[in-house]
Amino acid sequence: MKHLIIGAGPAGVVAAETLRKLDENASITILGDEPEPPYSRMAIPYLLIDNIDEQGTYLRKDQDYFKRQNIDVVVGRAESLDPVNKTVKVAEGDSLPYDKLLVATGSRPIKPPVPGIDHEKVTSCWTLEDARKITSGIQQGTPVVLIGAGFIGCIILEALVSAGADLTVVEMGNRMVPRMLDEKCGSMLEAWCQNKGVNVMTSTTVTAIEPKGDGVLVKTSDGNEVEAELVISAAGVKPNADFLEGSDVKLVDGGIEIDEFMQSSMDGVYAAGDVAYGRDFSTGEFGIQAIQPTAVDHARLAANNMHKHGSIRHRGSVLMNVLDTMGLISASYGQWEGVEGGDSAELLDENNFRYIQLQFDQDRLVGANTLGMTQHVGVLRGLIQGKFHLGHWKQKLMNNPLLLMEAYLAATQAS
Amino acid sequence: MQRSLTIDPEKCTGCLQCEMACSFENEGNFNPAKSRIKVFTFHEEGRFVPYTCTQCDEAWCMQACPVDAIKMNFTTGAMEVNEQTCVGCKVCTIACPFGTVNYNVDTGKVVKCDLCGGDPACATACPTQAITYVDASATGLDKMRAWASKTDNAQATT
C-alpha cells in the first residue's frame with residue numbers, strides 16, 4: 001500500500017506516524033513545499049522572541065526520526081492531481097504515485113487587497129522564512145505596522161515589542177481577535193495592549209501602502225498615515241487547495257469537503273487539518289477549523305480510514321483556541337457566541353483583566369471565553385465534549401462561573 | 001507492573017497535605033497554588049475531592065503538543081513535560097478535557113503530574129490513604145470516572 005501525504009505540518013506528520021503504527025510495511029511519503037524539516041508554525045512566536053532556535057520549532061526533534069520510521073519526506077510543491085493514474089504531479093519534479101492520498105496542505109496567509117501589498121517591506125508571518133525576515137527587519141525603535149489583530153497578529157505582539165518595534169496595529173474588526181473573543185474580552189485585550197504602549201487601531205483598514213524613503217507610508221481608512229520600515233500582514237488565512245481546482249475533488253469555501261471518514265468526494269483521496277472542510281462537534285455543521293488540535297484529530301482519523309476505510313467515524317472536532325497576547329492569556333471554546341434560546345453567565349474583573357463567560361444550551365455547557373485564566377481551563381473542553389447535563393450545577397455556575405472544576409467533578413457522575 | 005494513583009474521595013479529610021507535598025517536591029516551596037494535585041471542596045456535602053492527572057490512555061496533551069514536548073515515561077506510564085522542549089504555547093492546557101495540565105506564568109512552561117518519577121509525594125503525604133499509589137489495573141478514563149462518580153451525592157437523588 002502506497003500512502004502519499006501532501007503537507008508536512010502537524011496533520012501530515014501525525015497521519016504518517018499513525019499509518020506507520022497501523023501498517024509497518026506500507027510505503028509512506030510526505031511531500032512538503034518548504035526546505036526545512038517538518039516544523040510547527042505554532043512555535044514561530046517563540047522563535048521570534050528568541051526562546052527557542054529554529055530546531056525548537058521542528059515537529060520531531062531527532063534528526064533521523066523520519067528515516068527510522070521509514071517515512072520518506074520529500075521537498076516539492078504539488079501541482080496537480082491525476083486521479084486516473086493515481087499520481088500527484090510535483091512542480092519541477094516527477095509525479096508521485098499513491099494508492100491512498102491525504103491532502104494536508106494547510107492554509108496560507110490571505111493577501112489583503114491593498115495597493116502596495118506586494119512591496120518588499122511587507123511580509124506575512126507564516127513560515128520560518130517569514131520569521132527570519134521579521135527578525136532581521138526589526139531593531140530598537142524600528143517603526144512597524146501590523147495589519148490584523150487576529151490570532152497570529154496577537155500572538156506575535158510580545159515578540160515584536162521586545163525586539164524593539166515601535167508598533168502600530170490596524171484591525172478591521174471593532175475589537176481584537178473578533179473571531180475568537182467576544183466584545184468584552186477583545187476590548188479588554190485592546191486596553192491591555194494600549195497600556196503596554198502598543199498603538200491599536202480597531203474598526204480601521206489599511207487603504208494603501210506607498211514607498212517612502214527606505215520604508216513605506218501606510219495609509220488607513222480613518223485618514224491617518226503611519227511610516228513604517230516593516231509591515232507585517234496577518235489578515236487571516238485560507239486553505240491551500242488551489243492545486244485541486246478543476247479536479248473532481250469537491251471544494252467548499254476553498255476547503256476540501258470531507259465525509260465522516262475524512263474522505264473527499266473522490267475515492268481514496270482524504271483531507272485533514274486547515275484544508276479540510278470538516279464537521280464541527282458543537283453545531284454538527286461543516287466548515288474549516290484552522291487549529292492545531294483539530295489538525296491532529298483529523299490526521300489520526302484520516303490515517304485510520306486510509307488504512308482501513310470505514311474504521312473510525314469523525315463525530316466532529318471541538319473548536320478551541322488559546323492565545324497569549326503580551327502575557328494576557330485568553331481562550332475560547334465551542335459556541336462562545338452563544339446559542340439561540342440559551343443562557344449565559346459571566347464574571348468580570350476589569351481592573352485585573354480577568355473575565356470568564358459561559359454559554360449554555362439548556363443545562364449543557366456549549367461554549368466559553370476566558371481572559372486571564374491559566375488553571376484547569378481544559379475542563380471546559382471536558383464539559384462541552386462530554387455534553388454533560390449539569391442539572392442543579394448549572395445554576396451554581398450561573399452564580400459563579402469559576403466553579404467549573406467542581407461542576408465537572410459533580411457532572412461526570414452520570415457516566 | 002505499572003502503578004497508578006488511585007484516589008478515594010471518601011477518605012479525604014481536606015487536610016491539603018498532598019498539595020503541600022506536591023508543591024515542595026516539584027517547586028521546592030510550600031505553595032498549594034503550585035501543586036499539581038488539587039483538592040476540591042464541596043461545602044454543601046462536606047466532601048473533599050483530590051484531583052490530578054490520571055495519565056489517561058488518550059493522552060490528549062501529548063497528541064496536541066506541536067513540538068513533541070510531552071512524552072510517556074515507559075517506566076512509570078506518566079506523560080511527562082520536557083521543559084527544555086516546551087515552548088509554552090498552552091495548546092495542551094486547552095486540549096486536556098480533565099483540566100489537569102496548567103500553565104505556569106513564572107516559568108512560561110506547562111506543568112502536569114509526572115508521578116514524581118515513580119514515587120508520588122502526594123500519596124506518601126496523605127495521612128488517610130485517600131491517595132494511594134497502587135498496581136494499575138483500570139485505565140485512566142475508567143479511574144477518572146470511578147472517582148468522579150463519587151463526587152456529588154446530591155445529584156444522585158435528583
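Two residues are in contact if their C-beta atoms, placed from the backbone, lie within 7 Å. By that rule, among contacts in chain B between residues at least 6 apart in sequence, 59% join residues at least 24 apart.

This is a predicted model, in which local features need pLDDT of at least 70, side-chain atom pairs count only at pLDDT 80 or more, and totals for chains, interfaces and linings use all residues. Residues are numbered from 1 along each chain as its sequence is written, while chains are lettered from A and ligands numbered from 1 in the order in which they are written.

Chain B has six helices and eight strands (DSSP runs numbered from the N terminus: helices are H or I with at least four residues, strands are E with at least two). Its elements follow the order β-α-β-β-α-β-β-α-β-β-α-β-α-α from the N terminus. Of its 158 residues, 47% are buried, that is, have 20 or more other C-beta atoms within 10 Å of their own, with C-beta atoms placed from the backbone.

In chain A, five strands make an open, parallel sheet in the order 3-2-1-7-20; two strands pair if DSSP finds at least two bridges between them. Strands 3 and 20 of chain A stand at the edges with a single partner strand each, so one side of each has no neighbour in the sheet.

| Edge strand of chain A | Residues |
|---|---|
| Strand 3 | residues 71-75 |
| Strand 20 | residues 269-271 |

Neighbouring strands of this sheet are turned by 20 degrees against each other on average, direction ignored; axes are lines fitted to C-alpha atoms, for helices over the stretch in contact, and angles run from 0 to 180 degrees between N-to-C directions. Strand 1 (residues 2-6) and strand 2 (residues 27-32) of chain A pair in the parallel sense over five bridges, and A:His3 has A:Ile28 in strand 2 as its bridge partner. Helix 1 (residues 10-22) of chain A packs on the sheet, touching strands 1, 2, 3 and 7 of chain A, and its direction makes about 175 degrees with that of strand 2.

Conventions
A residue is buried if 20 or more other C-beta atoms lie within 10 Å of its own, exposed if 12 or fewer, and partly exposed in between; C-beta atoms are placed from the backbone.
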